[in-house]
Amino acid sequence: MRWRRLFQGIAVAAVAMLFASACLSESGDSGGGGSSEGGAGDKSVEIMYGFGGDQSKGFEGAMAEFAKSSGITIKFTDASQSFDTLIRPRVQGNNPPDIALFPQPGLMLDFAKQGKMQDLSTMLNIDQVRSSLIPGALEATTQDGKVYGVIMSANMKSLVWYPKKAFEAKGYKVPTTIAELEALTNQIKADGTTPWCVGIASAGATGWVGTDWMEDFVLRYGGPEKYDQWVKHEIPFTDPVVVQAGQEFEKLALADGQVYGGRKGVVSADYATAINPEFDDPPKCFLHKQGNFITTKGFLTEKARANLEENVGVFQLPGNSATDKPMLGGGDSAGAFTNDDDVKKTLEFITSPTFKFSNPEAYPYISPHKDFDSSNYADASTKEVAELGYGSTVFRFDGSDLMPGAVGAGSFWKGMTAWISGQQSLDETLKNIDESWPS
């Protein structure tokens, strides 16, 4: 989940090694796993995860009842400082946790290639799990026909937010196709307001918002097949479908008069607060594309957050037709390093449609299961976003998080920034990113 990583400190190698050393010394029979053989287990399961704050509290609260009913002691290992930096030495030292909740599937699949991960089809009823999830939710954690992870906490990215009262007062209608979105954009502009608010500034990660726009339109114009090929570099960044995605982004939200603050202002506008001019009186823009995290504290103004249902509207970024509803997203995926009865029971609980965080008021957990009881959502906004996800025709994980780090968190970010700021053309940008792909 990229936005969450922006708040994580970068752990230095020395800290990581100290962490690994400490884990090795305290592990004994109650710490990490790594066993590939089945067995009863020792009534202790270690779970490592990359989130903190209210999300960590909600997860630990959810596991407390399970621990009580199952008799299994859960050891929580918070790696929110830097999940990648902290888990790698554990795995390399043959002392991994029993279960890890991976924020990016790419790292999980790297470990799978090394033979470190368990094939979850030997531990769970994968067909049953798959039928419960949003279509396509297991694709990012599947490799060579084996499923190494199951998404257990989802976030949705193909979302467009608008100021509900002002939007309705203008008589605007939620679009159901890309063509209708273009028409709405033009209507807002003709009425005298800049249609879109966009901000891509994010300190050392500036540009990631632009990658999300590109991914969303590649998924829409190319479908899941082309999208998967692009993410794996089976088709180049210069492929016509990628060019088309960039052109649509530019036409909608970057061209003259389309974006608040102008195109160059997009680069300096902070992604975290770029939505807020929507809620000025009168609005300075009407449309903002961003993931569901935007409604949490620290992003939207507190005035807008005071009554999300009344103040903030949301619709799914439409597809080519009204029945085409792709959803770009992310989330945390549960993978196992140990295969024993205790780990199986724990995984079954975490990946079930009944699993939920214990603090929905503080952290807007979204279940990836279509049959999750939506009455568990604390507010109408979270429920609405979840139901958009459940109604999606296909789900795909954030593409840049699946690409090699040098591209997905490097040349892709930088390329989007250079193109959006006008330093280079779209064709130059896509060519440069493609040439940066590791050989």
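A: What follows goes from the whole chain to single residues, and the model is a predicted one.

Q: How many helices and strands does the protein chain have?
A: The protein chain has 17 helices and eleven strands. Its radius of gyration is 22 Å, close to the 22 Å that the globule rule gives for 439 residues, so the chain is as compact as a globular protein of that length. Along the principal axes, the C-alpha trace spans about 70 × 50 × 40 Å.

Q: And what share of the residues counts as buried?
A: Of the 439 residues, 57% count as buried. Among contacts with a separation of 6 or more, 78% are between residues 24 or more positions apart.

Q: What about the surface and the charges?
A: The accessible surface comes to about 17,200 Å², and carbon and sulfur atoms account for 49% of that area. There are 39 positive and 55 negative side chains, with the centres of the two sets 2 Å apart.

Q: Changing topic, how many disulfides does a search of the whole structure find?
A: The search finds one disulfide, and it is formed by Cys197 and Cys285, whose sulfur atoms are 2.1 Å apart.

Q: Where in the chain do Cys197 and Cys285 sit?
A: The pair links distant parts of the chain, 88 residues apart: Cys197 is in the loop between α8 and α9, while Cys285 is in the loop between α11 and β8.

Q: Are Cys197 and Cys285 buried or exposed?
A: Cys197 is buried, with a relative accessible area of 2%, and Cys285 also counts as buried, at 0% relative accessibility. As for handedness, the torsion about the S-S bond is about -105°, so the disulfide is left-handed.

Q: What is the peptide bond from Asp281 to Pro282 like?
A: That bond is cis, with omega near 0°, and Pro282 is found in the loop between α11 and β8.

Q: Let's move to α5. Why is helix α5 described as largely enclosed?
A: Seven of the nine residues of α5 (residues 105–113) are buried, so the helix is largely enclosed by the rest of the structure. The buried residues are Pro105, Gly106, Leu107, Met108, Leu109, Phe111 and Ala112.

Q: What covers the buried residues of α5?
A: The cover includes α4, β3, β4, β10 and β11. Just after α5, Gly115 takes a positive phi of about 80°.

Q: Which residues other than glycine have a positive phi?
A: Among them are Lys43, with a phi of about 65°, and Asp144, with a phi near 55°.

Q: Last topic, what does Leu388 touch?
A: Leu388 is found in helix α15 (residues 380–390). Not counting residues up to four places away in sequence, Leu388 touches Leu159, Val314, Phe315, Gln316 and Met327. The C-alpha atoms of Leu388 and Phe315 are separated by 7.9 Å, although these residues are 73 residues apart along the chain.

Q: And Thr417, which residues is that in contact with?
A: Leaving aside neighbours within four places in sequence, Thr417 is in contact with Ile200, Thr206, Gly207 and Val267. Thr417 lies in helix α16 (residues 405–420) and is buried, with a relative accessible area of 16%.

Conventions
Residues numbered from 1 in each chain as written. Heavy atoms only, no water. Helix = DSSP H or I, 4+ residues; strand = E, 2+ residues; numbered from the N terminus. Contact = heavy atoms within 4.5 Å. Rg over C-alpha atoms; globule rule 2.2 N^0.38 Å. Buried < 20%, exposed > 50% of the residue type's maximum accessible area, 1.4 Å probe, protein only. Areas by Shrake-Rupley, 256 points an atom, 1.4 Å probe, with all protein chains shown as cover. Lys, Arg positive; Asp, Glu negative; His and termini not counted. Charge placed at Lys NZ, Arg CZ, Asp CG, Glu CD. Disulfide = S-S within 2.5 Å.
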